[in-house]
Amino acid sequence: MRYAVLVTGPAGAGKSTFCASLITHAQSLGRTVHLFNLDPAADKFEYPPSLDIRDLVSLDEVMEDLQLGPNGGLVYCFEYLMQNLDWLSEALGDFEDDYLIIDCPGQIELYTHIPILPRLAKLLTTTMNINLVACYLLESQFMEDTAKYFAGVLSAMSCMIGLEVPFVNVMSKMDLVRREGKRKKEVDRFLDPDPELLRTSATRELNPKFHHLNSALVHLLTRKRTQIEDFNMVQFLPLDVTDEDSVGVVLSHIDNAIQYGEHEEPKEPADMDNGDFDTGE
Ligand SMILES: Nc1nc2c(ncn2[C@@H]2O[C@H](COP(=O)(O)OP(=O)(O)OP(=O)(O)O)[C@@H](O)[C@H]2O)c(=O)[nH]1
Ligand SMILES: [Mg+2]
């Protein structure tokens, strides 16, 4: 049985850092894990990737040869990957019974505009028979601006709906929140999105039109009782990579989502009620 974690999220959300801390933690548990770099623009890693899209296609060469910018070049690299799936299945053939951590690029259009990642996820799960879970990382600074935060929630949801695989949302860089000394109750409203946050947003004074738009969104979220609120489709696990226990909690949710080690007794994930995140209050 092969397992893989697709680590997604906007630019700078902490994906590569999270991949490295997942690897450190999994190795401390005695697991064999491998990094699969899916970012053609990546330059350095804490752990050397065992599998690397840059062995197939180089963003620099694509940009130079085809006169494309970084984003167009990235889309081209993924299209090239999809046309060379033999390379991927051959490379993946070396990893029987292993756990792959897949580090994705941060261009948001990859998750919301073009259907390349969903195609890749389908291929990994159906053709290559890999137990796949996706993580979407949003960084804690998004909590500073509620309108931006809700844009982040919607992008997480858009990615999740597109991928159609088990999904774990993560609020990264929680060490920064701890340092600021935010109240736990306040933090919880962002980990379990509270649409009422938008109503009290500072945009009311700054930009009334924008506030009307936000209010309409809240109205949609609350009155129509969409999935975000009713079914808790989007909930974030707090991640502090400086705290091994926090990485362990996220890994236990990932394991649970893909039933890692199904021959063993099924394990309950660690407590999800955020009670394990101590803001230091
Ligand atoms: N304080 C803090 N900083 C972090 C954390 N994780 C990442 N960073 C910093 O955030 C920046 C971006 O981290 P990366 O891990 O490269 O983020 P990424 O999502 O892989 O970025 P792209 O691949 O460019 O999309 C770096 O300067 C990291 O040192 C964290 O948990 N806490
Ligand atoms: Mg990265």
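Let me begin with strand E1, which is mostly covered, since six of its seven residues are buried. Please bear in mind throughout that what we are looking at is a predicted model. Strand E1 runs over residues 2–8, and it pairs with strand E5, residues 130–139, in the parallel sense over seven bridges. Two of the partners can be named here: Arg2 has Ile130 of E5 as its bridge partner, and Leu6 has Ala134, again in E5. E1 also pairs with strand E4, residues 99–103, and that pairing, which is parallel as well, runs over five bridges.

If we set aside its neighbours within four places in sequence, Ala134 is in contact with Leu6, Thr8, Leu163, Val165 and Phe167. Of that group, Leu163 is 29 residues away from Ala134 in sequence, while the C-alpha to C-alpha distance between the two is 8.1 Å. As for the chain in general, 71% of the contacts between residues at least 6 apart in sequence join residues that are at least 24 apart, and buried residues make up 38% of the 281 residues.

Next, the ligand. The shell around ligand 1 holds 15 residues, and those that come nearest are Gly14, Lys15, Ser16, Thr17 and Gly106. Sorted by class, the shell has seven polar, four nonpolar and four charged residues. Helix H1, at 15–28, and helix H8, at 174–180, each supply at least two residues to this shell, with H1 giving the most, namely three.

Two loop residues deserve a look at the backbone level. Asn129 lies in the loop between helix H6, at 116–127, and E5, and its phi is near 55 degrees, a positive value in a residue other than glycine. Lys173, which is found in the loop between strand E6, at 167–172, and H8, likewise has a positive phi, near 60 degrees. How do their surroundings compare, buried or exposed? Asn129 is exposed, because it has 10 other C-beta atoms within 10 Å, whereas Lys173 counts as buried, because it has 24 C-beta neighbours inside 10 Å.

Finally, a word on the domains. The chain is divided into domain 1, made up of 2–193 together with 234–257, and domain 2, which covers 195–233. Taken over C-alpha atoms, the centres of domain 1 and domain 2 are separated by 27 Å.

That is what I wanted to show, and I am happy to go back to any part of it.

Conventions
Residues are numbered from 1 along each chain as its sequence is written. Chains are lettered from A and ligands numbered from 1 in the order in which they are written. This is a predicted model: local features need pLDDT of at least 70, side-chain atom pairs count only at pLDDT 80 or more; totals for chains, interfaces and linings use all residues. Two strands pair if DSSP finds at least two bridges between them. Helices (H or I, at least four residues) and strands (E, at least two) are DSSP runs, numbered from the N terminus. A residue is near a molecule or strand if its C-beta atom, placed from the backbone, lies within 6 Å of it. Ala, Val, Leu, Ile, Met, Phe, Trp, Tyr, Cys and Pro count as nonpolar, Asp, Glu, Lys and Arg as charged, and the others, Gly among them, as polar. A residue is buried if 20 or more other C-beta atoms lie within 10 Å of its own, exposed if 12 or fewer, and partly exposed in between; C-beta atoms are placed from the backbone. Domain bounds come from an automatic or database domain assignment. Two residues are in contact if their C-beta atoms, placed from the backbone, lie within 7 Å.
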